[in-house]
Amino acid sequence: MKCLFLYNPNSGAGTIEKKLGYICRTLKKKYEQVDAVATVSGDDMTQKARQGAAEYDAIVFSGGDGSFNRVLQGIGNSGVHLGYLPAGTANDVAKSLCIPKNIKRALKIVTDGCVKNLDCMLVNGSHYCMYIAAAGAFTQVTYSTPQKYKRALGKLAYAIEGLKNNMKLDVFPVRITCGDRTIEDSAVFLFVLNGRSVAGFPVNRDASMADGLLETAVVRQAHKPNLRQKIGAYFSMAALFLRGVKVRRRNIETLYGKKVEICTRDDVVWDFDGEEGIRGNITVETLEGHVKMFVPKRKMV
């Protein structure tokens, strides 16, 4: 059996590259052939994952949530087995799947864990997301924060970037349809989620990546908010992240289903797994069991 190891040298302060020999030796206990390949960009990781999916039995990769998204685009419908060594800043996918950041323990899941069929999301019929599609306040910090600051400051770099550039809380119109429910209003933030963790917070702690369902949460706002309404939006966002999607606040709506359609302005930018995505209207649907991945035994994912 053959294994391809892909890694982003810029993730995890270079830790992965320093331990490359150990990683390959460990993987060779399971696979007859292990080839390690560094990537130079997100597009390069997607391309190498696409090539690897046609040639290897498994692809093990390291990086953050954005790297996970890039690999997901590459493997398509191949069904290749995936192993993940989280080395990013927030590592929300890893938190949702109980995969530790410790390299030795994460490798043990690849060598001794089990393969499970996990759900992912398909956006507008062409783009895959593993755990989140989000728009509005603070969502751009994951891809606008300079890499050098993320390596030096970790999640604190996101907080600084957010305070610098995202305090205005721009309001945008939305029409959200999920099942037999439709919400038409203005919003400052919304996400469609297939996981438990967002920015390191367990906002959806009871969720599963193998239940076929998506959770959508929207923080509503007046079209032209006054000061009190603006302050209220900050408190509602804090409540959503600290208390989760089941929080009860007048301006937070939560919807559940296998498919959600969201209509909004053409200039509204979507964040897909920490990567800058498309603009405007999106349709998100669940692809049940699409991702075949090594996960811990006896852990609910």
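The model is predicted: local features need pLDDT of at least 70, side-chain atom pairs count only at pLDDT 80 or more, and totals for chains, interfaces and linings use all residues. Residues are numbered from 1 along each chain as its sequence is written, and side-chain values use heavy atoms, with hydrogens and water left out.

**Cysteines**

- C129 is buried, at 0% relative accessibility.
- C98 is partly exposed, with a relative accessible area of 31%.
- Buried means under 20% relative accessible area, exposed over 50%, and partly exposed in between (1.4 Å probe, protein chains only).

**Serine 96**

- S96 sits in helix 5 (residues 92-96).
- Helices (H or I, at least four residues) and strands (E, at least two) are DSSP runs, numbered from the N terminus.
- Leaving aside neighbours within four places in sequence, S96 is in contact with G195, R196, S197, M209 and V301.
- Contact means heavy atoms within 4.5 Å.

**Aromatic pairs**

- Rings of Phe, Tyr and Trp (its six-membered ring) pair if their centres lie within 6.5 Å; planes under 30 degrees apart count as stacked, over 60 as edge-to-face and the rest as tilted.
- F68 and Y84 form an edge-to-face pair, with ring centres 5.1 Å apart and planes at 90°.
- That pair ties together parts that are 16 residues apart in sequence, because F68 lies in helix 4 (residues 65-75) and Y84 in strand 4 (residues 81-86).
- Both F68 and Y84 are buried.
- F189 and F241 form a tilted pair: the ring centres are 5.9 Å apart and the planes are at 40°.
- F189 belongs to strand 9 (residues 181-193) and F241 to helix 10 (residues 227-243), so the pair ties together parts that are 52 residues apart in sequence.
- F189 and F241 are both buried.
- Ring pairs also link F189 and F241 with F191 and F201 into a cluster.
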